[in-house]
Amino acid sequence: MKPRKAISKDDFLCGVTFLCVGLVYAFQINKIQVSELSPINARFLPIIFVCGMLLLSVIELTKSFGLLGKIAVNEITVKVKKNYLCVTLSLVLSLCYVLSLPSLGFVIASALYLFLQMWLFAPKNDRRMFLLLAISITVSVAIYFIFRVMLNLMLPNGILTGYF
């Protein structure tokens, strides 16, 4: 039997979905109001996101057609354990994060969100609480200072107003 390339329906649907979302997002960037004071403005990060999303969707589409070296000799079915609870909890955490940003502020909300996401997706036998806490606090504070000091962009302070 001649080997044939495997076409993954899930990878194809994912690639097409992200390609469409990326294109819609790209067309919405021009609606963002910007000031001419700085070359890095409110459109900067959305442009980075769109480029990344479009690149990843093209990679996913090429992967779905087996163009990245994925060859199946026969039809091989791989059973993947789908964990819908983790995905649902991740979506709930993301929603809570967005809703808590104005009141808690970027640093606290981001540190809490990162910690809970890492805790959720870490293997149950390898959840190192202090390491996850240190990473989430360090990353949140570093991102805050990069945006606030280096790029001079405002992020919500929340309950820490006056301290930063």
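**Figure 1. The whole chain at a glance.** Of the chain's 164 residues, 23% count as buried. Please keep in mind through all the views that this is a predicted model. The chain holds five helices and two strands, and reading along the sequence gives the pattern β-α-α-β-α-α-α. Among contacts in the chain with a separation of 6 or more, 63% come from residues 24 or more positions apart. The chain exposes about 12300 Å², and carbon and sulfur atoms supply 72% of that area.

**Figure 2. Helices H3 and H4 side by side.** This view is about how two helices meet. Helix H3 covers residues 84-104, while helix H4 covers residues 106-121. Their axes come within 8 Å and cross at roughly 170°. Because angles over 145 degrees count as roughly antiparallel, H3 is roughly antiparallel to H4. On the H3 side, the contact is made by Cys86, Leu89, Ser90, Leu93, Ser94, Tyr97, Ser100, Leu101 and Leu104. On the H4 side, the partners are Phe106, Ile108, Ala109, Ser110, Tyr113, Leu116, Gln117, Leu120 and Phe121. Sorted by class, the contact of H3 with H4 has 13 nonpolar residues, five polar ones and no charged ones.

**Figure 3. A closer look at Gln117.** Here we stay with the contact of H3 and H4 and pick out one of its H4 residues, Gln117. Is Gln117 buried or exposed? With a relative accessible area of 12%, Gln117 is buried, because the cut-off for buried is under 20%. Leaving aside residues up to four places away in sequence, Gln117 touches Ser90, Leu93 and Ser94.

**Figure 4. The aromatic cluster of Phe106, Tyr144 and Phe145.** Three residues, Phe106, Tyr144 and Phe145, form one aromatic cluster. In general, a pair of aromatic rings is described by the distance of the centres and the angle of the planes. The count of aromatic pairs comes to four. For Tyr144 and Phe145, the ring centres are 5.7 Å apart and the planes stand at 80°, so this pair is edge-to-face. How accessible are the two partners? Tyr144 is buried, with a relative accessible area of 2%, whereas Phe145 counts as partly exposed at 37%.

Figure 5. Which helix holds Tyr25? Tyr25 sits in helix H1, residues 9-28. Its relative accessible area of 32% makes Tyr25 partly exposed. Not counting residues up to four places away in sequence, Tyr25 touches Pro46, Phe49 and Val50.

**Figure 6. Leu13, another residue of helix H1.** We end with Leu13, which is also found in helix H1. Leu13 counts as partly exposed, at 47% relative accessibility; the reason is that exposed means over 50% and buried means under 20%. How far apart in space are Leu13 and Ser57? Their C-alpha atoms are 9.9 Å apart, although the two residues are 44 residues apart in sequence.

Technical notes
Residues numbered from 1 in each chain as written. Predicted model: local features only at pLDDT ≥ 70, side-chain atom pairs only at ≥ 80, totals over all residues. Heavy atoms only, no water. Helix = DSSP H or I, 4+ residues; strand = E, 2+ residues; numbered from the N terminus. Buried < 20%, exposed > 50% of the residue type's maximum accessible area, 1.4 Å probe, protein only. Contact = heavy atoms within 4.5 Å. Phe/Tyr/Trp six-rings, centres within 6.5 Å; stacked < 30°, edge-to-face > 60°. Axes fitted to C-alpha atoms, helices over the stretch in contact; angles between N-to-C directions. Parallel < 35°, antiparallel > 145°, perpendicular 65-115°, else oblique. Nonpolar A, V, L, I, M, F, W, Y, C, P; charged D, E, K, R; others polar. Areas by Shrake-Rupley, 256 points an atom, 1.4 Å probe, with all protein chains shown as cover.
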